[in-house]
Structure formats: C-alpha cells, structure tokens
Amino acid sequence: MIEILPSILSADFTRLGEQIAQVERAGVSMLHLDIMDGHFVPNLTIGPPVVKSIRKATKLILDVHLMVSDPDKYAPVFIEAGADQVLVHQEAATHLDRTIRMIQSEGAKAGVVLNPATPVSMLEDVLHIADYVLIMSVNPGFGGQRFIPNALNKVRQLDARRRELGLPLPIEIDGGVSLENIADVVRAGVNWVVTGSSVFHSSDPEATVRAMQKAAREATSVQV
Ligand code: DX5
Ligand code: ZN
C-alpha cells in the first residue's frame, strides 16, 4: 500500500486548516511538515507553535522533516509540539545513532534523510535501528523544484539492501513528485510519497491526491 503524504509547505497558510481538511477527505493518513532553520537550508518555515496548532486541528500522523543544523536540540521540542515521526538528516547529525535512539525514547518514530549528494551506504550502520528512510529527490529548502532522477537509483539500492537484511523499512521520497513521475517512483520501491506543490498548487487538492493514489495503485498492481 503506497501512502501519499501532502507537504503543507506549498499550502495557503491563511487557510491551513481548510487545506488540511481537503487532503484528509482524500483518505491520507500522514501529513508532512517541513521545518527549516535558515542555516542547514537557505529558507525558514514554521516552528513549534504552528505544529501545535496543526496537532489540534487533525488526527493525521504528523511526519516532521527537520532541516535544521541542531536536530538534537529541536527533535524533542517538535515531539512535545505533537510530532509522531521525526526525520533527521544524516548530514546534520554528528552522532546519528544517538539521535535516532533519542527520538525513539521520546516516543516518536525516527526517520533518517539523505540529501541528493549523500550515498545510501552512509546509512549502512543505522538501517537496523531507524524506523524509515527518506531519500531527497531535490536539494532541500524549497517546494516546486525539479525531480533529480538519480534518486530512483538510490531507492533501488536501498530497496535491495532492505530485502537482503530482511528489514521492513519503509522508503519515503521527497521533492518534485507529480502525477507525471509517481509511477516511476513507486516502481523503484518507494512506499511513502511526499508531494507539496503538485497538490496544493492544483485547483482541487483532494482530487489531485486521489489521482496520485490511483496512479500509484496502478503502477504497483500486477500486470497481466
Ligand atoms: C523540500 C521539502 C519538501 C517540499 C516538497 O525541501 O522537504 O517536503 O515540500 O515540495 P514539492 O513536492 O513541491 O517538491
Ligand atoms: Zn520535506
């Protein structure tokens, strides 16, 4: 079962509750929240008070993507604000093993993220403790960027590795995914698809999510 995770980065923040309700009606189970500190990435987004408000407005699983230089400082703050899952960049964590265990001990699931220039092999020694892995298919910082095709090779490598190790590790992808390329993405082995501008810049976010769910289902169904 492929999950579509709408990223609110491209939503209309003056009517965020309404936009979240639109994608909820399409039957998603997770919402992706992008936290940027203006240091790890060249952009600033939302902080804990907004996550707290979103927590009150929805029962969806909150998948919080930390694009910050100090994940050890901020992961507990966002878990306290309502994050169910916290994604930490391999490139930002000095002691990644410790950070993953800390997130889990705070009661959240821990995902690890790789930038486009970071090879899958960098995660070899944490694959058995991470709850899931996110492969960035754009350089983090902005919505609406072009998909970097090499991300698919990384997904295939990781898919092969999780099979070898017998790990039930969901693979997530983030950046530049649209109705045009979602079939390629899920065929490569992605389980969770983050999508921002394709959904929230469309005239009907609910219908766009449904169309993406359908395209993902068709791409993974057995061809006869
Ligand atoms: C980019 C963020 C993404 C972003 C994706 O740094 O991590 O989650 O919202 O947006 P699209 O789908 O527009 O590429
Ligand atoms: Zn993200």
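Buried means under 20% relative accessible area. Gln22 has a relative accessible area of 16%, so this residue counts as buried. The legends below describe close-up views of a predicted model.

**Figure 1**
Gln22 sits in helix α1. Its relative accessible area of 16% makes it buried. Leaving aside residues up to four places away in sequence, Gln22 touches Pro205 and Glu206. Both Pro205 and Glu206 are among the buried residues of α8. Two further pairs tie this view together. For Ala207 and Gln22, 185 residues apart along the chain, the C-alpha separation is 9.0 Å.

**Figure 1. Helix α8 and what covers it.**
Helix α8 comprises 16 residues, 205–220. At 1.5 Å a residue, α8 should span 22 Å; its end C-alpha atoms are 23 Å apart, so the two values agree. Which residues of α8 are buried? They are Pro205, Glu206, Thr208, Val209, Met212, Gln213, Ala215, Ala216 and Ala219. An α-helix has 3.6 residues a turn, so residues three or four places apart point the same way. The cover over the buried residues of α8 includes β1 (3–6) and β8 (192–195). It also includes the helices α1 (16–25), α6 (182–188) and α7 (197–200).

**Figure 2. The zinc site.**
Four residues coordinate the zinc ion (ligand 2): His32 through NE2, Asp34 through OD, His65 through ND1 and Asp174 through OD. The distances run from 2.1 to 2.3 Å. What is the geometry of the site of the zinc ion (ligand 2)? It is octahedral, with 6 donor atoms and angles of 70 to 168° among them. Along the chain, the donors of the zinc ion (ligand 2) are spaced H-x1-D-x30-H-x108-D. The pair His32 and Asp174 links distant parts of the chain, 142 residues apart. His32 lies in strand β2 (residues 30–36), and Asp174 lies in strand β7 (residues 171–174). Both His32 and Asp174 are buried.

His32 is part of strand β2. Is His32 buried or exposed? With a relative accessible area of 0%, His32 is buried. Its side chain makes a polar contact of 3.0 Å with the side chain of Asp34. A second polar contact, of 3.4 Å, joins the side chains of His32 and His65. Not counting residues up to four places away in sequence, the residues touched by His32 include Leu5, Pro6, Ser7 and Ile8. Asp63, His65, Leu87 and Leu134 are also among them, as are Glu172, Asp174 and Val194.

**Figure 3. Ligand 1 and the residues around it.**
Ligand 1 is surrounded by 20 residues. The closest are Ser7, Asp34, Asp174, Gly176 and Ser197. Asp34 and Asp174 also coordinate the zinc ion (ligand 2). Which polar atoms approach the oxygen atoms of ligand 1? A polar side-chain atom of His32 is 3.4 Å from an oxygen atom of ligand 1. A polar backbone atom of Gly141 is 2.8 Å from an oxygen atom of ligand 1. For a backbone N or O atom of Gly176, the distance to an oxygen atom of ligand 1 is 2.8 Å.

**Figure 4. Gln85 in strand β4.**
Gln85 is found in strand β4, which covers residues 85–89. It counts as buried because its relative accessibility is 4%. Not counting residues up to four places away in sequence, Gln85 touches Met30, Ile61, Leu62, Asp63 and Val64, among others. Its partners also include Ala108, Lys109, Tyr132 and Trp192.

**Figure 5. Ala110 in strand β5.**
Ala110 is located in strand β5 (residues 109–114). Its relative accessible area is 0%, so Ala110 is buried. Not counting residues up to four places away in sequence, Ala110 touches Val86, Ile100, Ile103, Gln104, Ala130, Asp131 and Tyr132. The C-alpha atoms of Ala110 and Asp63 are separated by 9.7 Å. Along the chain, Ala110 and Asp63 are 47 residues apart.

Notes
Residues numbered from 1 in each chain as written. Chains lettered and ligands numbered in written order. Predicted model: local features only at pLDDT ≥ 70, side-chain atom pairs only at ≥ 80, totals over all residues. Heavy atoms only, no water. Helix = DSSP H or I, 4+ residues; strand = E, 2+ residues; numbered from the N terminus. Expected span 1.5 Å × (residues − 1). Buried < 20%, exposed > 50% of the residue type's maximum accessible area, 1.4 Å probe, protein only. Contact = heavy atoms within 4.5 Å. Donors = N, O, S within 2.8 Å, 3.2 Å for Na, K, Ca; no water. Tetrahedral: all angles 85-135°; square planar, octahedral: opposite > 155°, others 65-115°. Near = heavy atom within 4 Å. Polar contact = N/O pair within 3.5 Å; in protein donor to acceptor, adjacent residues only side chain to side chain.
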